[in-house]
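Please look over the sequence and the structure before reading on.

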Amino acid sequence: MRAEVLIVGGGPGGSAAAMFLLKERIQPVILEQEEFPRFHIGESMTGEAGALLRRLGLEDAMTARNYPVKHGVRVFGEGGKNSWFIPVSARNERWELESGTTWQVRRSDFDGMMLDEAAKRGATLIRGTAVKALLGEDGGVRGVTMRHPDGCLEDIESTMLLDCTGMATFLGNQKVTGPKYLGSYDKQIAFFAHVKGAVRDSGDAGEMARDNTVIFYEKKYHWSWFIPVDKEITSIGLVVPRAKFIESKQTPQEFFLDYLPQINPDLERRIAGFELVDKVHVIPNYSYQVRRFCGKGFICIGDAHRFIDPIFSFGLSATMREAEFAIPHILSYLKGERRAEENPFAGHMLFCEQGIDNLEDMVDLFWEQPFAFATFVHQRYRSELIDAFAGRVYATEYQPSTAILAFRKMLKRERGYEHEDDYSIPIGSRYHPERAALWAPDSPVETTEEWLNSNLA
Ligand SMILES: Cc1cc2nc3c(=O)[nH]c(=O)nc-3n(C[C@H](O)[C@H](O)[C@H](O)COP(=O)(O)OP(=O)(O)OC[C@H]3O[C@@H](n4cnc5c(N)ncnc54)[C@H](O)[C@@H]3O)c2cc1C
């Protein structure tokens, strides 16, 4: 089989890429290994993720599905005494800040809607798993070998391959990219479940809107999320250093239920009468960065090359925006431009990486200096942080802002992009030079089940 553009992975990144290509009359093939609906984490969107869905013409579909409308995020500080609020925002044509709304989604439903919509608009959907990258004589990617559900293998040749496989980091594992580096927050573990009976705020709009995201901070690297995903169900997550869980010798569910009320009094109040509606899910070691994630015939998008920390809900925003940013580069490559270059997508790679670097500096400053961060939200950098929380973190959006530059100074961090291979120096609040050994080019990626089995044995 042959595809001009082959998208491996039919999550929101893959589906958004397909829909943007279809707008340009390119009909991609999407290869997705799972039958949808399937559970996935990542339920709260930024303002720019919402704006992107509107650009794809999906506002009516989102409204028809009654997804909770998010007006902002409230972050409760230690002990639940103080909190700060960031509204969802947009920028108009004159780059003036305006208030906005976005959505919270149940991913099993949202991802299915996105994939169906991409297929309805003209993408070809194939069920199966990419098992091997096919390389051309020039070292570029020329497709994949896939395994069909019945076990048969087939080659799909492509001019352009988009790796949208999320944390599975298909091309990273195939060593087509540079090495995979364990990121700043790799020693964390996240537990999460859907619950009934959690107490929300009571307003219809703005700061007290019932469907806003709430984040609860206990202390450094210990926090919880509270995300309404429909009228009744709330997604609640708990994130701690994984050593804490291992020491507890509890099962994930025991640990989740015991620890959650201790995170913050305001969370304790909200979950007093809650009830689990499904199992407690676990993801350890979620922070990583794949180097040189673009090259001849391929681009890795979103989680397929980098994930920092889920605290401020940037994942969907980054993956769907990177899909949109990639489109002009893909079109010119398909026309035959830049084919002889070592990395035809070097500019796109730098652009995406710098955007995520800006996010990383903001998240790190929050963890290192939470009190200073709270005063910046209230006063000195309010509009800069409203922009960043909306997902406007890219160079075309006046970034790095004065806030990000100030955070870098406070973190004593320099970002240098002079040499091609320095496009994003792997640093972060917990990076130490000796940890360079943790670059993981040869270590297999452990699944959550493997990790739990080996650590609970
Ligand atoms: C604890 C936690 C909380 C989070 N909370 C949020 C949040 O509140 N908001 C937010 O925006 N983001 C959040 N995220 C991040 C979010 O989950 C991801 O950024 C987002 O799902 C990435 O979308 P994607 O399409 O790139 O990848 P995915 O959604 O992971 O989709 C990848 C798809 O590729 C398929 N696939 C994988 N390998 C293959 C293969 N070899 N062949 C064929 N198909 C394959 C998979 O089956 C999957 O369907 C969170 C992440 C974590 C870890």
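The chain splits into two parts: domain 1 (2-58 + 106-183 + 287-438) and domain 2 (188-284). The model is a predicted one.

**Domains**
- The centres of domain 1 and domain 2, taken over C-alpha atoms, are separated by 27 Å.
- Contact between the domains involves 14 residues of domain 1 and 20 residues of domain 2.

**Nonpolar cores**
- The largest nonpolar core has 117 residues, among which Leu162, Phe312 and Phe373 touch the most other members.
- Helix H9 supplies the largest share of this core, with 11 residues.
- Both domain 1 (2-58 + 106-183 + 287-438) and domain 2 (188-284) contribute to this core, with at least three residues from each.
- Apart from neighbours within four places in sequence, Phe312 is in contact with Val75, Trp84, Met362, Val363, Phe366, Phe373 and Phe389.
- A second core, separate and made of 23 residues, includes Ala198, Val214, Phe216 and Ile271.

**Packing of H1 and H9**
- Two packed helices are described by the angle between their axes and the distance between the axes.
- For helix H1 (residues 12-23) and helix H9 (residues 315-334), the angle is about 35° and the axes lie 8 Å apart.
- H1 and H9 cross in a right-handed sense.
- On the H1 side, the residues that meet H9 are Pro12, Gly13, Ala16, Ala17, Phe20 and Leu21.
- On the H9 side, the partners are Leu316, Thr319, Met320, Ala323, Glu324, Ile327 and Ile330.
- By type, the residues of the contact of H1 with H9 are 10 nonpolar, 2 polar and 1 charged.

Conventions: Residues numbered from 1 in each chain as written. Predicted model: local features only at pLDDT ≥ 70, side-chain atom pairs only at ≥ 80, totals over all residues. Heavy atoms only, no water. Axes fitted to C-alpha atoms, helices over the stretch in contact; angles between N-to-C directions. Helix = DSSP H or I, 4+ residues; strand = E, 2+ residues; numbered from the N terminus. Left-handed = near helix turned anticlockwise from the far one by under 90°. Contact = heavy atoms within 4.5 Å. Nonpolar A, V, L, I, M, F, W, Y, C, P; charged D, E, K, R; others polar. Core = buried A, V, L, I, M, F, W, Y, C linked by side-chain atoms within 4.5 Å. Buried < 20%, exposed > 50% of the residue type's maximum accessible area, 1.4 Å probe, protein only. Domains from an automatic or database assignment.
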